Amino acid sequence: MKSFVNKKIFIESNEYTYRVEHLTLEGTCSTDHGPRNVKIKNLLVDKYPVTNQQYYFFLKKTGYQPRDSQRFLEHKPNKKIFNLPVVFVSQNDAIAYAKWVGGRLPTDEEWQYIAAGPKYLDWPWGNKFNPLLCNHDGNKLVPVNTHRKGESWCGCVDMAGNCWEWTAGIHDDGNHQFALLRGGSYFYAHDHWHVGGGARKNNYHWKLQILNEGINRAATLGFRCVYDAK
Amino acid sequence: MKELTEPLLWAFDVSMMQNKFTDKKKSIDFTLGNLNLSIDLNKNIFLKKLNFIKNINNELFIIRVENKLIPKNKYKIEKVFKNTDVNLTVISIDFSQNFENDFFKGRISFVQKKKNIIDFIFQLSARWHKDIPKKVLLKFPFIINLHKNKNFLKPGDIFDGKKRIKKGVWNLHEYPPSIISDNLGIETLGFEFYDQFPWQANYNLGMSEAISSENFEKFETEVQLTQELTDIILMKIYTSSKGREKIFSLWKENTRKRYDLRKYRDSNNRWIKKNYLQHFMFAYGEEAFDYKKIQFKINKIIKEGKQFGGYDSILFWHQYPRLGLDESNQWQLYKYLPKNYKTIKKIVDICHSHNIKFFIPFKPWDIRSNESLDSHAKSLEKFIKETNIDGFFLDTMSSLPESFLKIQKKFPSFEFCSEGTPREQRQIETLTSSWDQIGDIRRNFKVDINSNFFRFLFPEHPLNLVSRWSVGSDKDALIKRAAFNGMGMVIWQDIFGCWLPFSIEQKKKIKSLKNILKKYHKYFYGDNSIPLIKTLSKKIICNEFSNSQGKQKIYSIYNFGSNKINGRILKLPLAVMEFKQIYGKKVNIQIEKKQNTFYLLANLDANDVILVNIKFKI
């Protein structure tokens, strides 16, 4: 498989009105869904989700081993799937990588701005859903550069579908800890009681309730990094 | 069988018994068991009198064919048939009717096998012009007229002094009878539309729904008619001279006769009958999970459960709302817990050391295309062997699949409990425990305190009351509702990530209820319990719990009015030996004896539920 560079895209600081839809069937996620004003600082952002190859390189260089390795990289990345987004990583695994590359995970607000931009687009490519521009209802992950025509306003690819992406932070409502996921994935379970799968709109987040790392990792869950810029 | 020998009273000539009906008078009065009827055949087929209900004067039926009413005075009485023997009495009236180019035949029958239960059967056939069927709608004015009777009570209704209000609910395919009593509430008739499987035939199509609808007068049922007589209505008429309680008992007895309830009597699954408090252990929260130690707080949960009186079972829940994030199925998610299945095994062992049973849930909506109920049964069997769990909770279900039924043959004490109360016969026979779940997050749902008829029809089927989104005063009402129905509860405080705990006061009330349920188990789950017995106050409703011995009864009494009630609450059936209040805010209760009749007196605040235990002299 031909490798490629996961280049960084510059996002100029801006303010935008954050408003997110929370579509979990029952309950709420105890976060402020807006509308509210959010300031985005200058950022660099990965064009693609972090790939297996990038994560493999990180492991090789750092010898990173999670404290709890249950299901860690359960898909066993190899050269044949190097360009697929890395999955089976917990938020801790993602943060470890991000730190190593000098970045961090995007906040929920930053992620939405990177996807929707100042025009508040519903989907990374525009306001109308187009399943051809994302891995929406496929049966497997695809290389992160497969849907380049579905890039967002700033040039980020795979913001909708293929794999869910971790955002920064563990939210704590006093009784529960949870993280917010973005973008949806290729997997689209059949029943309305399942996690709403497929590609998801820019203004949608899903509350992943935290448990042990074996539960926190999933075959559809990866990440991309952002980098504070001047 | 003495009652079956009572003579039929005929108001017409014996020639009517012949095949040709020629009598000019055309009126039939007869007695069947305790039922006295008068049918007028002069203008149409009219019901004139039914026991104490005089001047009904309504047609039994109206037929509308392609939006045209078949005119009155057109029916020809073909035959009146009577047969009486020791076991069965039948009276039937055959009629016919030409309408335009079609020909209709019908039969009205009254069939009596038991003194107090009479079947009313209405059948109809049609011979269609050129064999092309037409749309036929039927209306039953006599039922409408019964419904208009000032004393008519739809199933579960009572009078609050001004109007009928619903204080009894049922959620199964057995519809309790509607009731009409005389003004004293003594002579009573019950009308049941038997509705086991309405799609199989015309009969009772929609009648059960209609009688529970405010729009009954508008109700018309559509029937498909052939050349053979087909059943349109099968209405059971129950008669009683002991009020509505007797009607309920007759209906209960008659209904239960159809059921095979052996599984409930199987000694292996007796533990489920004492599953008074089931804790819903939502895995993703501080209540259940220690985020620092990465382990479940089972000992803490058990300890906290003592505030409620102690949990009898724990339902572990971690699949929803996580399922569907990826392709992992519901069984794989157990492997991803710390230390795989061992986590569950450890929790189960701790629960068992505290005499607490352990459930895991089954998610039928998660069955994948490469799975089947049989494959899930195999997974369950493996899971039971590895973890020693005691039960399977059937999420969103109200029936027990055959695949799972087989599990109980291998693990006889293994139990199933469903989220929905089973509604149909086979389900009720096989699934021996369920939740009584009420509530709706999407609407302004108010927890009402009323009687659950299922609980009284099948007292051997334990129900755990739950209304997961209810808070504050609704949680108070929920506890009262559990007490009023003498049933256990689900203690569910973490609703998929929303923390909605019970208050200290509420915990105390639940603890008190659990102790009472445990102490008086044989009465609460006795086979002689009756919902909504007659009370002496329009603002009081009462359920009676007892077993067949009847020496001791528990009365759950609820003042649903807005004022305090002071005085006679109940007329008691026997002389009282002992009495005491066993649940609820302490009130002044007394027994009054007047002319050999005993009354229960109480001083009951508005919106209060109390339970009183009375021992009788027998």
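Two strands are taken to pair if DSSP finds at least two bridges between them. Strands (E, at least two residues) and helices (H or I, at least four) are DSSP runs, numbered from the N terminus. On this basis, β1(A) and strand β5 (residues 43-46) of chain A run antiparallel and are joined by four bridges. I9(A) has V45(A) in β5(A) as its bridge partner.

The structure is a predicted model, in which local features need pLDDT of at least 70, side-chain atom pairs count only at pLDDT 80 or more, and totals for chains, interfaces and linings use all residues. Residues are numbered from 1 along each chain as its sequence is written, chains are lettered from A in the order in which they are written, and side-chain values use heavy atoms, without hydrogens and water.

The β1-β5 pair belongs to an open, antiparallel sheet of three strands in chain A, ordered β1-β5-β11. Its edge strands are β1 (8-11) and β11 (226-228), each pairing on one side only. From one strand to the next, the twist averages 25°. Angles run from 0 to 180 degrees between N-to-C directions, with axes fitted as lines to C-alpha atoms.

Helix α2 (residues 91-100) of chain A contains D93(A). Contact here means heavy atoms within 4.5 Å.

H176(A) sits in the loop between β7 (171-172) and β8 (177-182) of chain A. H176(A) is buried too, with a relative accessible area of 1%. Its side chain forms a polar contact of 2.7 Å with the side chain of D494(B). The H176(A) side chain also reaches the backbone oxygen of G497(B) at 3.3 Å. Further contacts of H176(A) include H171(A), Q209(A), Y284(B) and W499(B).

Chain B is divided into domain 1 (2-256), domain 2 (262-519) and domain 3 (540-616). These bounds come from an automatic or database domain assignment. In chain B, 17 residues of domain 1 contact 20 residues of domain 2.

Key
Buried < 20%, exposed > 50% of the residue type's maximum accessible area, 1.4 Å probe, protein only. Polar contact = N/O pair within 3.5 Å; in protein donor to acceptor, adjacent residues only side chain to side chain. Lists of a residue's contacts leave out its neighbours within four places in sequence.
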